[in-house]
Amino acid sequence: MFRYVLTAALALSAAPAFANDSVAELSTGGLILSRSDAVAMQSEDLFISPEKVTVDYVFHNNTDKDVNAIVAFPLPDIEGSPEEMPAIPENQSDNFLGFEVTIDGAPVKPQFEQKVFAVGIDIGADLKAQNVPFNPFGDAAKAALAKLPKAVAEDWENRGIIIEDTGSDGTEANKVYTPWWQLRSTYWWRSTFPANKDVHVSHRYKPSVGGTSSVSFFYDGKFQGSQYAAYKTRYCMDNNFENAVRKAAKDDPDGYPKYYEKRIAYILTTGGNWASGSIGKFKLTVDKGNPKALISFCGDNVKKVGPTTFETTAKDFDPERDVDILLLEPSEDGAGEAN
């Protein structure tokens with residue numbers, strides 16, 4: 001896969017102090033079908049921006065019989081931890097990505113399945129017995145943990161379901177119980193693919209946008225560190241992109257580029273459970289949102305099609321890698337806010 005980077009014009013102002021504060025992005029993807037021998041993916045139109053992800057599919061039943069299949073959308077796993085908060089768009093909701101789906105233009109109300117695990121063991125029955133919601137980052141779960149009987153709380157702590165953490169005031173005197181379990185959530189529905197016909201499926205959600213409060217791979221006047229090596233491979237950063245970062249650092253009195261990172265990860269290499277496994281027509285559109293931002297991602301024959309949008313297309317597409325997008329936002333547009 002060819003390396004491709006797009007660099008925007010810079011608008012320079014005072015840079016933030018260098019920091020390592022970071023919020024992790026959650027990798028999300030598309031739909032998974034339950035069978036692969038009859039239904040082909042005729043096309044996929046994928047749009048990714050920091051505000052939304054939309055995917056429009058055209059599936060085609062290649063047989064002379066109707067096909068009934070299960071279609072699923074797995075949400076990324078989330079795990080409770082008092083030390084690290086991943087980038088969750090709607091952390092008080094079970095539908096924490098705001099997922100919506102339509103079939104041939106009509107809204108669908110999918111089934112929703114949740115499972116929770118601690119040290120690999122299903123603990124759903126334990127949480128239900130104590131009326132504890134499954135979302136480890138929701139306020140409702142933490143409030144329910146505060147009401148646990150002492151014997152239950154001690155048992156759960158020993159089993160790795162919860163841990164004891166300092167209170168909101170940061171003191172040891174007001175310790176609270178915090179979720180330590182992993183939540184696995186999946187939307188799914190039964191769908192009929194009529195014989196020799198197309199079915200249009202569209203879904204949308206809010207992406208998990210990770211970030212860092214400064215440029216993590218450039219400091220002391222140069223590109224360096226393990227982060228730099230990883231980013232070169234993951235985001236295909238090239239000379240044009242790096243020169244823009246160098247220029248920003250040179251123009252800053254403190255010698256740091258006046259940007260903070262945003263990161264989006266989309267899983268494209270899994271879920272190919274359809275006839276032939278390839279995508280007849282594939283289109284990817286990436287919108288960086290801010291015209292002043294720098295953007296870097298890997299792709300073939302990427303074209304700029306608008307002030308903030310970039311596009312790549314392919315036929316009989318068999319994805320070899322996922323879509324990872326790095327955005328460097330000018331610090332004057334919100335320096336220090338990682339997500």
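Ser 208 is buried, with a relative accessibility of 1%; buried means under 20% relative accessible area, exposed over 50%, and partly exposed in between (1.4 Å probe, protein chains only). The model is predicted, so local features need pLDDT of at least 70 and side-chain atom pairs count only at pLDDT 80 or more, while totals for chains, interfaces and linings use all residues. Residues are numbered from 1 along each chain as its sequence is written, and side-chain values use heavy atoms, with hydrogens and water left out.

Ser 208 sits in the loop between β16 (198-205) and β17 (210-212). Helices (H or I, at least four residues) and strands (E, at least two) are DSSP runs numbered from the N terminus. The Ser 208 side chain makes polar contacts with the backbone nitrogen of Leu 26 at 2.8 Å and with the backbone oxygen of Ala 87 at 2.5 Å. A polar contact is a pair of N or O atoms within 3.5 Å; within protein, one must be able to donate a hydrogen and the other to accept it, and residues adjacent in sequence count only if both atoms are side-chain atoms. Leaving aside residues up to four places away in sequence, the residues that Ser 208 touches include Glu 25, Pro 89 and Arg 263, where contact means heavy atoms within 4.5 Å.

Arg 263 is itself buried at 5% relative accessibility. Glu 261, at 0%, is buried too, and these two residues form a salt bridge. Shared partners join Glu 25, Arg 234, Glu 261, Arg 263 and Asp 324 into one network of salt bridges. The structure has 13 salt bridges, each a side-chain nitrogen of Lys or Arg within 4 Å of a carboxyl oxygen of Asp or Glu. Three of them are listed here.

| Salt bridge | N to O distance |
|---|---|
| Arg 184 and Asp 77 | 3.5 Å |
| Asp 126 and Arg 159 | 3.1 Å |
| Glu 261 and Arg 263 | 3.1 Å |

Arg 184 in strand β15 (residues 182-193) and Asp 77 in the loop between β7 (67-74) and β8 (78-79) are 107 residues apart. Arg 184 is partly exposed at 38%, as is Asp 77 at 32%.

The link is right-handed, at 100° about the S-S bond. Cys 236 is in the loop between α4 (225-235) and α5 (239-250), and Cys 298 is in the loop between β22 (294-297) and β23, 62 residues apart. Cys 236 is buried at 4%, and Cys 298 is buried at 14%.

The protein chain has five helices and 25 strands. Eight strands form an open sheet with mixed pairing, in the order β10-β9-β16-β6-β5-β21-β24-β23; two strands pair if DSSP finds at least two bridges between them. β10 (106-107) and β23 (303-304) are at the edges with a single partner strand each, so one side of each has no neighbour in the sheet. β5 (residues 39-48) pairs with β21 (residues 279-287) in the parallel sense over seven bridges.

Conventions
A disulfide is a pair of cysteine sulfur atoms within 2.5 Å.
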